[in-house]
Amino acid sequence: MTSIQDLLKQRILVIDGAMGTMIQRYKLAEEDYRGTQFAEWDIDLKGNNDLLSITRPHIIQDIHSEYLEAGADIIETNTFNAQAVSLADYGMSSLADELNRAAVACALAAVEKYKQSPKYNPEKGGPFIAGAIGPMSKTLSLSPDVNNPGFRSVSFDEVATAYYAQVTALVESGVDILLIETIFDTLNAKAAIYAIKKYFNTTGKNIPVMISGTITDASGRTLSGQTLEAFYTSVMHAQPLSIGLNCALGAQDMRSHIAELSQISACYTSAYPNAGLPNTMGEYDELPEQTAHHIEEWAKQGFVNIVGGCCGTTPDHIAHIAAAVKHITPRPLPILDINL
């Protein structure tokens, strides 16, 4: 199979859209999340979307399949919160390994199904499975107690240990890429990077790593206060395949940040914005053709190498995005001055 590195030299790749948006379409109840395995669990489980890889795997497989049929080159595993720290909210920390492995199995099943589809073109290369590593429900840089700014509810070692276990399960199960995404606290991301590098050094395995941060507001900073350039500088030691932005902003508001990133990044750049900003009901109204229009303009300006969608986006959004960038030349990697 053609490597993702080779494909990125040839064309703009498309990553999938939102998982949560698609799950909401199924209007699942508490019992759907519980299934039979967790029928007697003493904590409410509705909203624990990662659990569906075990209790409703056909739903997760079908969502992956829809994104592949829409033209996604990269699909993300349903593992955004599948590590011990976040799963503690549901009393399920011990299930982290099982959840990650089940999620990868769902993605692999969808890929195998897609390879039987008339839309599958082996000459196109891919598709690839990215092991999604989310920002975690606890933060290392910010105190959850406004009256005690020095307090932390979790330690760096605890975060790194949780990420190491997740990385182990994802890689052993067969992902092609590791994706640290929706980063609003760079210290959490650095713990994930530490865990990944430790795993690579311990096992001798090595797969590409993608990193995607989140600019939370008009100030152009992450939630923990870093500018985009500071965030980039803080994580580039990981030598990622790509660095980019996702979530929080719609494409219109993300544009200036993507333009800036394209100028400073020594690696490939990625961008998968929300479908606009949420309305008063928390829903996303931006139409697929509107999102695709913005991303097409970014592509024509030479800003991006990997594009897709985050909150509120659907397979229809991804289909429009894939069509919009299909024939546009990808952003070339910059030629670095080694004398600097």
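This is a predicted model: local features need pLDDT of at least 70, side-chain atom pairs count only at pLDDT 80 or more; totals for chains, interfaces and linings use all residues.
Figure 1. The side chain of E297 meets that of R255 in a salt bridge, with 2.8 Å from N to O. This pair links distant parts of the chain, with R255 in helix α11 (residues 251-264) and E297 in helix α12 (residues 288-300), 42 residues apart. R255 has a relative accessible area of 30% and is therefore partly exposed as well.

**Figure 2. The salt bridge between E172 and R101.** The closest N and O atoms of E172 and R101 are 2.5 Å apart, and the two residues form a salt bridge. E172 belongs to helix α8 (residues 156-173) and R101 to helix α7, so the bridge ties together parts that are 71 residues apart in sequence. E172 counts as partly exposed because its relative accessibility is 43%. R101, at 29% relative accessibility, also counts as partly exposed.

Figure 3. K124 and D73 form a salt bridge through their side chains, at 3.5 Å from N to O. K124 sits in the loop between α7 (96-114) and β3 (128-133), and D73 in the loop between α5 (57-70) and β2 (74-76), so the pair joins parts that are 51 residues apart in sequence. D73 counts as buried because its relative accessibility is 2%, whereas K124 is partly exposed at 29%. R11 joins D73 and K124 in a network of salt bridges. Across the whole structure, a search finds nine salt bridges.

Figure 4. E181 is located in strand β4 (residues 177-183). Leaving aside residues up to four places away in sequence, E181 touches E76, F80, A132, I133, G134, P135, S212, N246 and Y272.

Figure 5. Buried residues of α8 include V159, A160, A162, Y163, Q166 and V167. Further along the helix, T168, A169, L170, V171 and S173 are also buried. Among the elements that cover the buried residues of α8 are α6 (84-87), α7, β3, β4 and α9 (186-203). G174 follows α8 and has a positive phi, near 115°.

**Figure 6. The largest pocket and its lining.** The largest pocket holds about 970 Å³ of space. Its lining consists of 49 residues, and A18, M19, G20, T21 and N49 lie nearest the centre. Two or more lining residues come from each of the elements α2 (20-24), α5, α6, β4 and β6 (242-250). Helix α2 gives the most to the lining, with four residues. Strand β4, one of these contributing elements, is also the strand that holds E181, and α6 is among the elements that cover the buried residues of α8.

Definitions and conventions. Residues are numbered from 1 along each chain as its sequence is written. Side-chain values use heavy atoms; hydrogens and water are left out. Contact means heavy atoms within 4.5 Å. A salt bridge is a side-chain nitrogen of Lys or Arg within 4 Å of a carboxyl oxygen of Asp or Glu. Buried means under 20% relative accessible area, exposed over 50%, partly exposed in between (1.4 Å probe, protein chains only). On a 1 Å grid over the protein atoms alone, a cavity is a set of points where a 1.4 Å probe fits but cannot get out, and a pocket is an open set with protein on both sides within 12 Å along at least five of seven lines; lining residues have an atom within 4 Å of a point. Grid points are joined across faces, edges and corners, and a volume is the space filled by probe spheres set on the points.
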